[in-house]
Amino acid sequence: MKEAMPTKNTVADHASAPALPTNQGIELADFEAAYGEPLSCALDLSTWTQGVDVMALLDEAEQMVSEALAKEAEYMPRIREIIFRELRTMPGAPPNAGLHPPVNRADLEKVHTGLLFNGGVEACDGTSVVHDTLPLTITQIGVCLVSYNGEQGSWAHRMYRRDLRAKLADPVAEVLAVLQQREKRGAQGQEEDAMSELARRGIMAFMERKILSEKSTAPWRMGHGSPAPYEILTGLWSSRSENIKRSLDLIRWYVEHQRFVFVPSAPRKRHWLMIGQSLRPLEFAIVQTLKPEIERMIENGNYREGSGVRQEMVRFCEEVAPEIVIGLYRAWDAAPPYLFYAHKDYAEMAAHIALADSILQEHRGFPMLIDLADTVCGTTFSADSFLSSVQMAYANAGEPFR
């Protein structure tokens, strides 16, 4: 069967598709197409092996890996020949879209000495820890700002969630209210209800970007993820116009500052990563602007028609999103490609900075400054010290095993 390569429209459509959760069921045909066997085969005990046959597992895995890599290798020349060329002509493509030549190592050394190693780039990252018990859930969010000159600062905030804070006149009604609140929450020790998850992720993402914008004094700002993350544009943020405006104003600051680069460590855009896999070492490509992502977010984000929130998002989509471009880079042929976000007028320099920082750890190919911020944050706001403090508080309250 002849493989069909993506057309221009297919690439554009996929580029705007957001990573939205879905509760739809899985079609049996889709399962069989993905795994190469019907679901009935996976549910047949006779197809299962008893115990762990290490040699059989190794042989089978080796065959599957070899076949998968060989198939992926077939796509690479066609992506370089067709897709990179199409990037320049996609609707709304920025002027610098497409594949760029490999960056000269001498230029990367200039970035090392002229920006990175003298503190001209500062990075920010955050971490969060949750201690969940029946009476109280405590969430600690910490954010650290670092440069290669040393740590620039750390900030923390703790949130205490009780299922009922107001005392009701009727004791029975009060107990029933607590039961109703707890029915909506996740399993104890697995705080996964929507409000807690969105609040924790959204606050951390917002404060990472706010601290990077207000507390950093470096010319270049480096962030983890996207400058316009899904968490601060939906959920709790999208319920009121002033909330969404606060987030959009923060993103606008970066567009006005211009000298920024954001690199996600685990993006969900697998179609772009597949294109990035065809990059050679020290190459980068500009893919598109942020506008298609925001358009799809408006379409699927449950912003009420005619509401102030939707109007703010539409204005942001038209005025600000086209100023931010999404690119791909690869530091080493054995390292994976990564996405990056930058201002359209500074995208080439942003790619140089991301590459210069990433080649400091070629095995990973990811900016070491972001990893440094993550390490400092994890050490400063370690889970062990936080949980020990909380457990001590329970012990002092006479409930050491709560």
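Which residues in α8 are buried? I started my notebook with that one. The model is predicted.

**Entry: helix α8**

I listed the buried positions of α8: Asn243, Ile244, Ser247, Leu248, Leu250, Ile251, Arg252, Tyr254, Val255 and His257. I then checked the length of the helix. Helix α8 covers residues 241–257, which is 17 residues. From first C-alpha to last, α8 reaches 24 Å. That is close to the 24 Å expected at 1.5 Å a residue.

**Entry: Arg252**

I stayed with Arg252, which sits in helix α8. Why does Arg252 count as buried? Its relative accessibility is 13%, and buried means under 20%. I noted that Arg252 is charged and asked for its partners. Lys245, Asp249 and Arg252 are linked in a network of salt bridges. I also took a distance to a residue further along the chain. Arg252 and Glu323 are 71 residues apart in sequence. Their C-alpha atoms are 9.7 Å apart in space.

**Entry: salt bridges**

How many salt bridges does a search of the whole structure find? I got 15.

The side chains of Glu323 and Lys344 meet in a salt bridge, 3.3 Å from N to O. Glu323 lies in the loop between α11 and β8 (324–330), and Lys344 lies in the loop between β9 (338–343) and α12 (347–358), so the pair ties together parts that are 21 residues apart in sequence. Lys344 counts as partly exposed, at 29% relative accessibility.

I moved on to Glu318 and Lys291. Their side chains meet in a salt bridge at 3.4 Å, N to O. This pair links distant parts of the chain, 27 residues apart. Glu318 belongs to helix α11 (residues 308–319) and Lys291 to helix α10 (residues 291–300). I checked accessibility at both ends. Glu318 is partly exposed, with a relative accessible area of 48%. Lys291 is partly exposed too, at 23%.

The side chains of Lys210 and Glu214 meet in a salt bridge of 2.9 Å, N to O. Both are in helix α7, four residues apart, so about one helical turn separates them. An α-helix has 3.6 residues a turn, so residues three or four places apart point the same way. Is Glu214 buried or exposed? Glu214 is exposed, with a relative accessible area of 52%. Lys210 is partly exposed, at 28%.

**Entry: cavity**

I searched the whole structure for cavities of 30 Å³ or more and found one. About 30 Å³ of space lies in the largest cavity. Which residues line the largest cavity? I recorded Cys124, Glu208, Arg209, Leu212, Gly223, His224 and Phe262. I sorted the lining by type: three nonpolar, two polar and two charged.

I then traced the lining back to elements. α7 (194–214) and β5 (220–224) each supply at least two residues. α7 gives the most to the lining, with three residues. Helix α7 also holds the Lys210 and Glu214 pair from the previous entry.

**Entry: cysteines**

How many disulfides does a search of the whole structure find? The search returned zero. The cut-off I needed here is 2.5 Å between sulfur atoms. Cys144 counts as buried, at 0% relative accessibility. Cys41 counts as partly exposed, at 24%.

**Entry: Gly378**

My last stop was Gly378, in helix α13 (residues 368–380). Gly378 is partly exposed, with a relative accessible area of 33%. Gly378 and Ser128 are 250 residues apart along the chain. Their C-alpha atoms are separated by 8.9 Å.

Notes:
Residues numbered from 1 in each chain as written. Predicted model: local features only at pLDDT ≥ 70, side-chain atom pairs only at ≥ 80, totals over all residues. Heavy atoms only, no water. Buried < 20%, exposed > 50% of the residue type's maximum accessible area, 1.4 Å probe, protein only. 1 Å grid on protein atoms, 1.4 Å probe; cavity = no way out; pocket = protein on both sides within 12 Å on 5 of 7 lines; lining within 4 Å. Points joined across faces, edges and corners; volume = space filled by probe spheres on them. Salt bridge = Lys/Arg side-chain N within 4 Å of Asp/Glu carboxyl O. Expected span 1.5 Å × (residues − 1).
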